[in-house]
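Welcome! Take a moment to look around the sequence and the model below, and then we will walk through them together.

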Amino acid sequence: MLRIASWLLAGIAVATVSAGAAMAADAVSCAKPASPAERTICGSADLKLAAEDIATSLRSLTGNTPVAERDGVQRAQQAFLAERDRVCADKSGLQACQRLHERRVAELQSQDSAAQKRVGAIAAGIPKDAKAAAAALQRYDGAAAKAWLVYLYHSGAVPVADRESAERALVGAVIDRDLPPDRELAEEMRNLGDVAAAPLATALLFLRHVLSTTELEAPCFLFTRHGQPAFEAFGAFWGNSRDDSPALCRAPSSVYDMPEWKKVAAHIDPVLEPALEERGSIRLGYERQFDVDDLQASLVPSTLLESPMSPDARRAAEQRQRAIALFRNWKDFGLWREADYKATLAALPAAVSATAKLYRERFGMNGPTAEQAAKAAADRFIAGRLALLLPEE
């Protein structure tokens, strides 16, 4: 078992270096342009950006392609480079050079999107057969595959010899070589510390950060299996546009789509849009939390009654309590019309009752627990939205 694990890790390391070396050879260095084509590219801001997009897309496609199947990717890139050297050698062909780069970017992004879907399909198969999923993921050396392997090893779904060493090798490769250039993300990844020795919540946050650089979503099994740690890991971490990804799975049906909740929303949502607009890109952090609250209330409502685990989650819970206290004694009718406030108050009991009934029937909760969870779902709905109407702390 030890020999097998060591061989797998060695294979991953070698493949990563090989892929990185290939990309380095293809990269355009404007410090010392090596050819007439590179001088043309380095003389145009648009072409430099396009060349960077190609390098980024190629890195991602390479990582999301099984190591044994990369010959086609490399052959296509070599063909592009040959055509680039021909078309871009003369500055008079600047427009043709630009079109060539745009076509290559689109081609790589399309191929990478398809490749990511295949990696996502492997991850989606984890609940059915975790060992088979791990074996398939080991054929890749991209960041997403490595992050899923870290999750599988850390959660115990797939036993591995010398687990902590195996995880550290994977985490180190992701942080040092596999992520796109992003100083803030790199800093946060390092702030996670020793993922291998940390609780599962840290491995889930590591997975979340890696998936945020891809088109992959956070599948529902993460939340049904791990509950509160997963909801915290995939919540509003950044508080800005970075919270737009990764996408969250969809519950089979949303609690907040019930007619009773639509009546509540009709009296509070109209005042939210102007508040969201005022927040600019920060609005995506709020919207992320709306989505997480919806998923939690609709998919694993029992977790609404669990104590928060992380310091950030505890602060968020305290903020919700303050927001609910303000809601119950709302006075600022210049901000939120008194008629709409009173209509919200009047509509809430029916929404809570309908939710409790759903929790009893669909989730098998007993009466008191269903009522508590329904009230917690109501607090999430109201507090999350009311936070937009309050001054930022």
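Is Asp85 buried, partly exposed or exposed? With a relative accessible area of 35%, Asp85 is partly exposed. Keep in mind as you read on that this is a predicted model.

**The chain as a whole**

The average pLDDT of the protein chain is 89, and 92% of the residues score at least 70. Please be careful with residues 1–25, where pLDDT stays under 50. For that stretch the model has 25 contacts beyond four places in sequence.

In secondary structure, you will find 18 helices and two strands in the protein chain. Its C-alpha trace spans about 70 × 55 × 30 Å along the principal axes. The chain has 393 residues, of which 47% count as buried.

Among contacts with a separation of 6 or more, 73% are between residues 24 or more positions apart.

**Charges and salt bridges**

Side chains of opposite charge can pair when their charged atoms come close.

| Salt bridge | N to O distance |
|---|---|
| Asp85 and Arg84 | 3.1 Å |
| Arg168 and Glu164 | 2.9 Å |
| Arg385 and Asp269 | 3.7 Å |

Arg84 has a relative accessibility of 6%, so it counts as buried, whereas Asp85 is partly exposed.

Next, find Arg168 and Glu164 in helix H8, which covers residues 163–178. They sit four residues apart, about one turn of the helix. Arg168 counts as partly exposed at 36% relative accessibility, and Glu164 is also partly exposed, at 30%. Both residues belong to a network of salt bridges that links Arg163, Glu164, Glu167, Arg168 and Asp194.

Which parts of the chain does the pair of Arg385 and Asp269 link? The salt bridge between Arg385 and Asp269 links distant parts of the chain, 116 residues apart. Arg385 lies in helix H18 (residues 367–389), while Asp269 is in the loop between helix H13 (259–268) and helix H14 (272–279). At 13% relative accessibility Arg385 counts as buried, whereas Asp269, with a relative accessible area of 33%, is partly exposed.

Methods
Residues are numbered from 1 along each chain as its sequence is written. This is a predicted model: local features need pLDDT of at least 70, side-chain atom pairs count only at pLDDT 80 or more; totals for chains, interfaces and linings use all residues. Side-chain values use heavy atoms; hydrogens and water are left out. pLDDT is the predictor's confidence in each residue, from 0 to 100. Contact means heavy atoms within 4.5 Å. A salt bridge is a side-chain nitrogen of Lys or Arg within 4 Å of a carboxyl oxygen of Asp or Glu. Buried means under 20% relative accessible area, exposed over 50%, partly exposed in between (1.4 Å probe, protein chains only).
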